[in-house]
Amino acid sequence: MLGKLFGRGGERPAEDPYALPAARQRKNGTHALRALGDRRVLALVEAADAGEWEDVKAALGSFDIGRDHRVLAELAEVDGVEEWIGRAVEEEDGGHRAAALLISGARHVSWGWEARTSARAVDVTREQWRVFKERLALAEELLLAAAELEPSWVTPWRRLLTSGRGLSLGEDVNRARFDAALRRDPLDLEVHIDWVSQLQPRWGGEPGEALVFAREALGRAPQGHPLGCVIAMAAIEEWVESDDEDILGTDEIRAELRDAADHSILHPAYVRRPGWQHDFSMFAMALSIADERHTVRRVFRALDGAYTGWPWTYFDDPEGQFAHRHRHNRA
């Protein structure tokens, strides 16, 4: 009981001294999650937005950039980082050179996908493909250099999985990168989620293969570990790939999602780190698509209207879908 009231995983966690003030809610009761909901991340993002490398380095002291994928993702999404991070890579000769390489590589992966857009492959222009490949090729060089400087880091390998998929480097290369990431952290959630994408039919996988992989991964995860989210993400991907809108609407899938949520994000041992809302969002989306009626309410109540973007971007109207499902399932 104490764990649920004051600990981790319950609806009333202990107060976080770094939590950003509650965002002003929209009329529909939702708000966009900003900087993972953390003051330290906000300081980091603002320094990156201003192009102040010394301030970025100072703010990085609060995080392990070699393992914290979500903090790295916040930096990778800052427009304009590509305009100054190259100078930091060239001028940095101290302990932060690997971080500069990593941030530049991650930004070039995101920047490459921005050029490609989310359009179907057949709708991407020749020029978009050229820019996409060019940026990903540079990202590969930067990320491999970062990995060489910091052999224990897992974040470069996860980003290399994404760039390798975009460059169509093949199953052997991507499998080697996946294995390299798992040697550094066998239970890394983001690496597993990236592999769930790799196993989808659109990338050469077989229908249902990702769910089998996710179940095996959950079996290795201790209670309270966020790796349970891989079940929710595999279910969402199954839905995305299928022509059957109701593919998740079975008692078996609902039970599996409930059990995975109880094993991970709703377990008292779960730790709410910056960006924990992303873990809850994966289950919120999967459970609501499956029309689960009980656990989904606990998940949406915990989110309290915080909109994370991904994975809701699989919908044509992501914010509208989140607001609708939040309103429908929170009571």
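Which side chain meets that of R254 in a salt bridge? The partner is D251, at 2.9 Å from N to O. The model described here is predicted. Its chain has 16 helices and two strands. The structure holds 23 salt bridges, and buried residues make up 53% of the 331 residues.

**Overall form**

- The radius of gyration of the chain is 20 Å. A compact globule of 331 residues would come out near 20 Å, so the chain agrees with that expectation.
- The C-alpha trace spans about 55 × 45 × 40 Å along its principal axes.
- In the chain, 53% of the residues are buried.

- R254 and D251 both belong to helix 13, which covers residues 251-263.
- The two are three residues apart, so about one helical turn separates them.
- R254 is buried because its relative accessible area is 17%, and the cut-off for buried is under 20%.
- D251 is exposed, with a relative accessibility of 56%.

- A260 is buried, at a relative accessible area of 0%.
- From A260 to F315 the sequence separation is 55 residues. The C-alpha to C-alpha distance between A260 and F315 is 23 Å.

- R130 and E134 form a salt bridge through their side chains, at 3.1 Å from N to O.
- Both residues sit in helix 7, residues 126-149. They are four residues apart, about one turn of the helix.
- R130 is partly exposed, at 42% relative accessibility.
- E134 is partly exposed too, at 49%. Its value stays out of the exposed class because that class needs over 50%.

**A salt-bridge network around R107**

- D79, E82, R107 and E114 are linked in a network of salt bridges.
- One of the contacts is between R107 and E114, whose side chains meet at 3.0 Å, N to O.
- R107 is buried, with a relative accessible area of 1%.
- E114 is partly exposed, at 37% relative accessibility.

**A negative patch on the surface**

- Which residues gather in a patch of negative charge on the surface? They are E171, D172, E206 and E209.
- E209 lies in helix 11, which covers residues 209-220.
- E209 counts as partly exposed because its relative accessibility is 32%. That value passes the cut-off for patch residues, which is over 30% relative accessible area.

- L36 has phi near 60 degrees, a positive value in a residue other than glycine.
- L36 belongs to the loop between strand 1 (31-32) and helix 2 (39-50).
- Is L36 buried or exposed? L36 is buried, with a relative accessible area of 5%.
- S168 also has a positive phi, near 55 degrees, and is a residue other than glycine.
- S168 sits in the loop between helix 8 (155-166) and helix 9 (171-184).
- S168 is exposed, with a relative accessible area of 57%. L36, by contrast, is buried.

**The loop between strand 2 and helix 16**

- T308 lies in this loop, which runs between strand 2 (306-307) and helix 16 (318-329).
- T308 is buried, with a relative accessible area of 13%.
- T308 and G219 are 89 residues apart in sequence. In space, T308 and G219 are 27 Å apart, C-alpha to C-alpha.
- P311 is in the loop between strand 2 and helix 16 too.
- Which peptide bond is cis, with omega near 5 degrees? The bond from W310 to P311 is.

Technical notes: Residues numbered from 1 in each chain as written. Predicted model: local features only at pLDDT ≥ 70, side-chain atom pairs only at ≥ 80, totals over all residues. Heavy atoms only, no water. Patch = residues over 30% accessible without salt bridge, like charges linked within 9 Å, V, L, I, M, F, W, Y side chains within 5 Å. Areas by Shrake-Rupley, 256 points an atom, 1.4 Å probe, with all protein chains shown as cover. Salt bridge = Lys/Arg side-chain N within 4 Å of Asp/Glu carboxyl O. Lys, Arg positive; Asp, Glu negative; His and termini not counted. Charge placed at Lys NZ, Arg CZ, Asp CG, Glu CD. Buried < 20%, exposed > 50% of the residue type's maximum accessible area, 1.4 Å probe, protein only. Rg over C-alpha atoms; globule rule 2.2 N^0.38 Å.
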